[in-house]
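Hi everyone, thanks for having me. Please take a look at the structure on the screen, and I'll walk you through it.

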Amino acid sequence: MLFVPWSCIADWKCNTCGLCCKAYSVVLNFQEWLHIVKNYGAETTASGLNKLYLRRKSDGSCIFLYKLSNMHLCGLQHMKPTACKLWPFKILGSPKFGYAREAVYPYGGKNLYVYADSTCNGLIYGRPTWEFANQTIKEFVEIALGIRNDQYKSKANIGFTHQLIPTRRIF
Ligand code: SF4
Ligand code: SF4
């Protein structure tokens, strides 16, 4: 797994490949777990190592992942866990994965450090477009900080999959 500083990425668009919903376990916070259990039953979740997760099917994919034609759909779109919303980006308070100058993202008077998980198939490498730098990354940062809940730029394919992360954000 390689983490790439945001300023090396021209743009990101989820192509609904579903890879992220098959490759990782989704960690839930307690409120997310409670909400999902109330709506879908405890059997849609799992626990282990002091963490709560979404259950995975026998093929390893998320229990809420569906396939339609060649597209993957998220059945939990309306209450998608934060970990899924933030995928493939990590918003950190320090340059944990190096390249601080390339990863820094000033926001609200603070320096945050933004990286993308290179396993995502929706990353386009190059010089960031204005929209990616000023709207897409900003939206991910605001979701990570809890300032925003709704996704626009980070949900280019409304109703489709994308977003999943093996660990929670770190500050
Ligand atoms: S985006 Fe949806 S289908 Fe994919 S892991 Fe998250 S909840 Fe499951
Ligand atoms: S976020 Fe990336 S890995 Fe996940 S479904 Fe979209 S393109 Fe594929």
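**A walk through the chain**

The chain holds five helices and 11 strands. Helices (H or I, at least four residues) and strands (E, at least two) are runs assigned by DSSP, numbered from the N terminus. Before we go on, this is a predicted model: local features need pLDDT of at least 70, side-chain atom pairs count only at pLDDT 80 or more, and totals for chains, interfaces and linings use all residues. Residues are numbered from 1 along each chain as its sequence is written, while chains are lettered from A and ligands numbered from 1 in the order in which they are written.

Let's take the whole chain next. Of its 171 residues, 35% count as buried. Buried means that 20 or more other C-beta atoms lie within 10 Å of the residue's own; with 12 or fewer the residue is exposed, in between it is partly exposed, and the C-beta atoms are placed from the backbone. Now for contacts, where two residues have C-beta atoms, placed from the backbone, within 7 Å. Among contacts between residues at least 6 apart in sequence, 71% join residues at least 24 apart.

Now find the open sheet of three strands, in the order 3-5-4 with antiparallel pairing. Strand 3 and strand 4 are its edge strands, since each pairs on one side only. Two strands pair if DSSP finds at least two bridges between them. Strand 3 (residues 27-28) is joined to strand 5 (residues 51-54) by two bridges, with V27 opposite Y53. Strand 4 (residues 45-48) has four bridges to strand 5: T45 is partnered with L54, and G48 with K51. Two residues lie between the strands of that hairpin, where L49 takes a positive phi near 50°.

Which residues of helix 2 are buried? In helix 2 (residues 30-40), they are E32, W33 and I36. These residues lie on the same side of helix 2 because they cover an arc of only 100° around the axis, the arc being that of the directions from the helix axis to the C-beta atoms. F30, Q31 and K38 are exposed on the other side. After helix 2 comes G41, with a positive phi near 95°.

Is H78 buried or exposed? H78 counts as exposed, because it has 8 C-beta neighbours inside 10 Å. You'll find H78 in the loop between strand 7 (71-74) and helix 3 (82-86). The C-alpha atoms of H78 and D150 are 9.7 Å apart, though 72 residues separate the two along the chain.

Last stop: helix 5 (residues 130-145). Its 16 residues should span 22 Å, and its end C-alpha atoms are 22 Å apart, so the two agree; the expected span is 1.5 Å times one less than the number of residues. Helix 5 bends by about 30° at K138, the bend being the angle between axes fitted to the seven residues ending there and the seven starting there. Its buried residues, including F132, F140 and A144, pack against strand 2 (9-12), helix 3, strand 8 (89-92), strand 9 and strand 10. G146 follows helix 5, with a positive phi near 80°.
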